[in-house]
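Student: I should like a close look at a single part of this protein, namely its open sheet and what surrounds it. Please describe it in one connected account.

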Amino acid sequence: MSDFRRIADRIADDIAAGRLKPGQRLPPQRVFARRRGIAGSTAGRVYAELVRRGLVVGEVGRGTFVRAAPEGGGRALVEAATAAPVNLELNYPSVPGESELLASGLAPLLRPDVLADALRPVPATGTPEARRAVAGLLATGGWQPDPDRLLFTGNARQAVAAILASLVRPGGRVGVEALTYPVVKEIAARLGITLVPLATDEEGPLAQSVAAAHRTAALAALYLQPTLHNPTSVTTGPERRRELARTALDLNIPVVEDRIWSFLTDDDPLAVHAPGLVHVVDGLSKRVAPGLTVGFVAVPDGRVEPVAEAVRSGGWSAGRFAVEAAVRWIGEGVVERLVGAKRADARGRQRVVAEELRGFVVRSDPRACFAWWELPAPWRADTFTAAAAAHGIAVTPGPAFTVDPNRTPDAVRLGLASAPEPDLRRALRTLARVAREVL
């Protein structure tokens with residue numbers, strides 16, 4: 001066996017035995033070579049072999065860090081999980097009695113005469129009954145969408161895709177928060193759109209950052225999440241919203257406002273301040289359930305046909321059965337009851353986070369269904385995610401949300417909504433113990 005492979009085997013044994021733990025930094029290659037009495041080129045081959053085996057990860061300018069050991073390794077952070085896996089990547093709120101409530105709304109649709117109509121195609125404009133119901137659902141204290149400017153898609157992600165496709169040509173630039181919804185990154189890649197990260201602070205995107213990005217090269221649109229931003233849970237305050245709206249109006253930049261988590265709050269959309277530019281996106285996946293959902297778009301005046309055409313050409317139309325179910329759930333008060341229960345559930349889960357992750361830097365909101373955990377040194381997002389997986393816990397690494405590839409935040413997003421609360425508490429307690437073991 002080659003010398004470099006024998007050395008790599010010994011390092012692998014140290015990782016498996018827990019002598020080298022996830023998150024621990026290996027010495028620079030020249031230091032490693034000097035300590036081992038080997039050539040620098042041999043040290044480089046050792047490190048490359050460890051990367052190939054998936055035992056370490058190299059970060060340009062920062063060094064080489066140990067990942068979790070392979071399954072079946074030694075004790076400590078790499079021992080097999082002792083309980084059922086817990087997925088904190090998924091984030092779909094669910095409450096007791098949800099299925100029973102939804103079933104009552106679906107029952108009338110299962111009559112043969114009603115079902116025959118519910119299985120027909122539905123246009124992007126939905127039905128008059130659906131537009132009226134959704135306009136009431138989305139209304140806030142200061143905003144009432146026009147039912148005649150509402151469109152329907154299969155889900156909110158498809159709504160975002162349709163709006164961007166209608167606004168931005170391939171090669172166009174779209175301003176987004178520096179940390180943004182990963183699916184938007186995928187949509188942009190498919191549409192040939194360049195995402196431009198905007199500077200943010202504790203209240204969200206800075207208006208002057210929008211102007212600066214637009215001066216560099218024109219922005220075709222903005223995609224923003226001013227309400228319970230995913231992943232940081234930041235909600236932009238009223239004055240900042242007015243500043244952003246004024247900037248968009250001054251520069252004539254259309255806005256896609258993602259309000260998928262707005263049902264957990266009572267704030268007004270950006271559309272209040274710039275109704276001629278803001279496209280409001282929402283849906284039922286979080287309010288109700290992910291399996292039978294509909295996306296909603298409230299568009300500015302004159303934008304119904306361009307967005308509807310994008311919905312048709314993209315194959316993003318809603319199913320009539322789902323639309324009809326939504327009308328019944330809204331009209332019978334099912335959605336309102338689910339929203340009330342999910343608001344209470346989110347507050348309870350945030351209390352669990354506060355208790356189990358006390359002492360760590362966690363950014364969240366008492367109303368939110370997720371939390372942004374800024375990891376303690378020497379943890380990196382990649383190594384901590386691997387260590388969590390070794391304990392049967394799935395988390396989302398911070399870099400999944402970054403737009404700038406050179407920015408790799410040492411943080412993870414915790415989805416709080418999908419796991420039963422006892423499992424959530426157990427998982428957070430385990431993760432806290434993992435995080436402290438290298439302090």
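Tutor: The model is predicted; its pLDDT averages 90 over the protein, and 94% of the residues score at least 70. A stretch to set aside is residues 69-83, where pLDDT stays under 50 and the model has 30 contacts beyond four places in sequence. Where pLDDT is low, the predicted coordinates should not be read in detail.

The open sheet consists of seven strands with mixed pairing, and their order is β4-β12-β11-β10-β9-β5-β6. Its edges are β4 (150-153) and β6 (194-198); each has a single partner strand, so one side of each is left without a neighbour in the sheet. On average, neighbouring strands of this sheet are turned by 25° against each other, direction ignored.

Within the sheet, β5 (residues 173-177) pairs with β9 (residues 221-224) in the parallel sense, over three bridges. In this part of the sheet, G175 stands opposite L222 in β9. Helix α9 (residues 207-216) lies across β5, β6 and β9, and runs at about 140° to β6.

Elsewhere in the sheet, the loop between β11 (278-283) and β12 (295-298) contains T293. This residue is buried, because its relative accessible area is 14%, under the 20% cut-off. Beyond four places in sequence, T293 touches G154, N155, L284, S285 and A322. With S285 there is also a polar contact: the backbone nitrogen of S285 lies 3.0 Å from a polar atom of the T293 side chain.

Methods: Residues numbered from 1 in each chain as written. Predicted model: local features only at pLDDT ≥ 70, side-chain atom pairs only at ≥ 80, totals over all residues. Heavy atoms only, no water. Helix = DSSP H or I, 4+ residues; strand = E, 2+ residues; numbered from the N terminus. Buried < 20%, exposed > 50% of the residue type's maximum accessible area, 1.4 Å probe, protein only. Polar contact = N/O pair within 3.5 Å; in protein donor to acceptor, adjacent residues only side chain to side chain. Contact = heavy atoms within 4.5 Å. pLDDT = per-residue confidence, 0-100. Pairing = 2+ DSSP bridges. Axes fitted to C-alpha atoms, helices over the stretch in contact; angles between N-to-C directions.
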